[in-house]
Amino acid sequence: MGMDVEDCGLCPAGYYCPSAGTTTPTICPTGKFCPEGARRYSDCPLGTYNTLTGIKESRECTLCDAGYYCPILGQSIVDPTMTCDAGFVCYGGAFRPEPTDTTTGDICPAGAYCEADTGLNYCPAGQIGIF
C-alpha cells in the first residue's frame, strides 16, 4: 500500500494506463505503440504497420511492405488493395501510391516497367525500356 505519490510507478512500456487509480495496465493494441508512462496508445506512423500487441516504441512498427503503401496512422496490417500505382515503385515504408522521395519509392526507372500488382520488373533481354 502506497504512502504517497512517489509510491506510484510509471505504467510499463508496451501498456497504457488510461485512468487514475489503474492497477492493471491495458496492453497496447495492434497498430499502436506505448512507451513507459503512457496514458493512451500512440499510432504507428504513416508508411508503417504493426501486427503485434504490446510494442513499446515507434521504431518497432514495421515499414510498409515493398510494392504497397500504408496511408493510415495506426495501421495493423498491409491492405492488399493498396498497391503502388502503375509507373511507380514502392521500396518499403511508402505512405502514398506514387512515392518520389527516392527513399520509400520513385518513378519507375528506365529499363523497367512497374505495374500496380507486380511492382518493379526489368525489361527482358532483347528488349529496351526507354521511359
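At 23% relative accessibility, C123 counts as partly exposed. (Buried means under 20% relative accessible area, exposed over 50%, and partly exposed in between, with a 1.4 Å probe and protein chains only.) This is a predicted model, where local features need pLDDT of at least 70, side-chain atom pairs count only at pLDDT 80 or more, and totals for chains, interfaces and linings use all residues. Residues are numbered from 1 along each chain as its sequence is written, and side-chain values use heavy atoms, with hydrogens and water left out. The structure holds six disulfides.

**Disulfides**

- A disulfide here is a pair of cysteine sulfur atoms within 2.5 Å.
- Number the bonded cysteines in sequence order, and the pairing reads 1-2, 3-4, 5-6, 7-8, 9-10, 11-12.
- C28 has 0% relative accessibility and counts as buried. C34 also has 0% and counts as buried.
- Another disulfide links C44 and C61, whose sulfur atoms are 2.0 Å apart. The link has -75° about the S-S bond and is left-handed.
- C44 sits in the loop between β4 (42–43) and β5 (48–49), and C61 in the loop between β5 and β6 (62–63), so the pair ties together parts that are 17 residues apart in sequence. Strands (E, at least two residues) and helices (H or I, at least four) are DSSP runs, numbered from the N terminus.
- Both C44 and C61 are buried.
- C64 is joined to C70 by a disulfide, S to S 2.2 Å. With 75° about the S-S bond, the link is right-handed. C64 and C70 are both buried.

- C8 is in no disulfide. The nearest cysteine sulfur belongs to C17 and is 11 Å away. C8 is exposed, at 58% relative accessibility.
- C123 is in no disulfide either. Its nearest cysteine sulfur is that of C108, 8.1 Å away.

**Q75 and its surroundings**

- Q75 lies in the loop between β6 and β7. At 6% relative accessibility, Q75 is buried.
- The side chain of Q75 reaches the backbone nitrogen of I72 at 3.1 Å.
- Leaving out residues up to four places away in sequence, Q75 touches G31, T48, Y49, N50 and C70. Contact means heavy atoms within 4.5 Å.

**T102**

- T102 is in the loop between β7 (88–90) and β8 (105–107).
- Phi of T102 is near 65°, a positive value in a residue other than glycine.
- T102 is exposed, with a relative accessible area of 52%.

**The largest pocket**

- About 340 Å³ of space lies in the largest pocket. On a 1 Å grid over the protein atoms alone, a pocket is an open set of points where a 1.4 Å probe fits, with protein on both sides within 12 Å along at least five of seven lines. Grid points are joined across faces, edges and corners, and the volume is the space filled by probe spheres set on the points.
- The pocket is lined by 15 residues, each with an atom within 4 Å of a point. G9, L10, C11, C17 and T22 lie nearest its centre.
- The lining has eight nonpolar, six polar and one charged residues. Ala, Val, Leu, Ile, Met, Phe, Trp, Tyr, Cys and Pro count as nonpolar, Asp, Glu, Lys and Arg as charged, and the others, Gly among them, as polar.

Terms used: A polar contact is a pair of N or O atoms within 3.5 Å; within protein, one must be able to donate a hydrogen and the other to accept it, and residues adjacent in sequence count only if both atoms are side-chain atoms.
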